[in-house]
Amino acid sequence: MTYVVTDACVRCKYMDCVEVCPVDCFYEGENMLVINPNECIDCGVCEPECPAEAILPDTESGLEKWLEVNTKFSAEWPNITVKKESPADADEYKGVEGKFETLFSPEPGTGD
């Protein structure tokens, strides 16, 4: 089992999760984070830290797409281990549905 980041992170990218991860398995895209499922140790400390409730265990039904997204982009984006400032408009996008299809960027972030 692993945890995955879902589209609730898109344009929110709060990064509270990054600080608590004991194995540094978060990777930064331009407007969201992902978890490398091969590095995640299933400790679960990141899930309650996410203000957008974007992190879920992959055992929940319907998360196959997010496991694929996290696997793909964690291989392409830089690792992030230090919390940065969230986007200024993050709160405006919190709770918005369907952000991946309309707002997601495949571009990498800057990482650490």
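**Entry 1: a buried pair**

I looked up Glu 28 and Lys 13 and found both buried. I am working from a predicted model. The two residues form a salt bridge, with the closest N and O atoms 2.8 Å apart. I then checked where each partner sits. Glu 28 belongs to strand β2, residues 26-28. Lys 13 is in the loop between β1 (3-5) and α1 (16-20). The pair is 15 residues apart and links distant parts of the chain.

I asked which residues are joined with this pair into one network. Salt bridges with shared partners connect Lys 13, Glu 28 and Lys 84.

**Entry 2: other salt bridges**

I noted six salt bridges in the structure. One of them joins the side chains of Glu 101 and Lys 65, at 2.7 Å from N to O. Glu 101 lies in helix α4 (residues 99-103) and Lys 65 in helix α2 (residues 64-74), so this pair ties together parts 36 residues apart in sequence.

Is Glu 101 buried or exposed? Its relative accessibility is 55%, so I put Glu 101 down as exposed. Lys 65 has a relative accessible area of 33% and is partly exposed.

I also looked at Lys 72 and Glu 76. Their side chains meet in a salt bridge, 2.8 Å from N to O. Lys 72 is partly exposed at 44% relative accessibility. Glu 76 is partly exposed too, at 46%.

A reminder to myself: side chains of opposite charge can pair when their charged atoms come close.

Next I went along helix α2. Its buried residues are Trp 66, Val 69, Asn 70, Phe 73 and Ser 74. Viewed down the axis of α2, these buried residues fall within an arc of 110°, so they line one face of the helix.

What do the buried residues of α2 pack against? I found β1, β2, β3 (33-35) and α4. On the other side of α2, Glu 64 and Glu 68 are exposed.

**Entry 3: the largest pocket**

Last, I looked up the largest pocket. About 180 Å³ of space lies in it. Its lining includes Asp 7 and Ala 8, then Pro 51 and Ala 52. Lys 94, Gly 95, Val 96, Glu 97 and Gly 98 also line this pocket. By class, I logged four nonpolar, two polar and three charged residues in the lining.

How values were computed
Residues numbered from 1 in each chain as written. Predicted model: local features only at pLDDT ≥ 70, side-chain atom pairs only at ≥ 80, totals over all residues. Heavy atoms only, no water. 1 Å grid on protein atoms, 1.4 Å probe; cavity = no way out; pocket = protein on both sides within 12 Å on 5 of 7 lines; lining within 4 Å. Points joined across faces, edges and corners; volume = space filled by probe spheres on them. Nonpolar A, V, L, I, M, F, W, Y, C, P; charged D, E, K, R; others polar. Salt bridge = Lys/Arg side-chain N within 4 Å of Asp/Glu carboxyl O. Helix = DSSP H or I, 4+ residues; strand = E, 2+ residues; numbered from the N terminus. Buried < 20%, exposed > 50% of the residue type's maximum accessible area, 1.4 Å probe, protein only. Arc of directions from axis to C-beta. Contact = heavy atoms within 4.5 Å.
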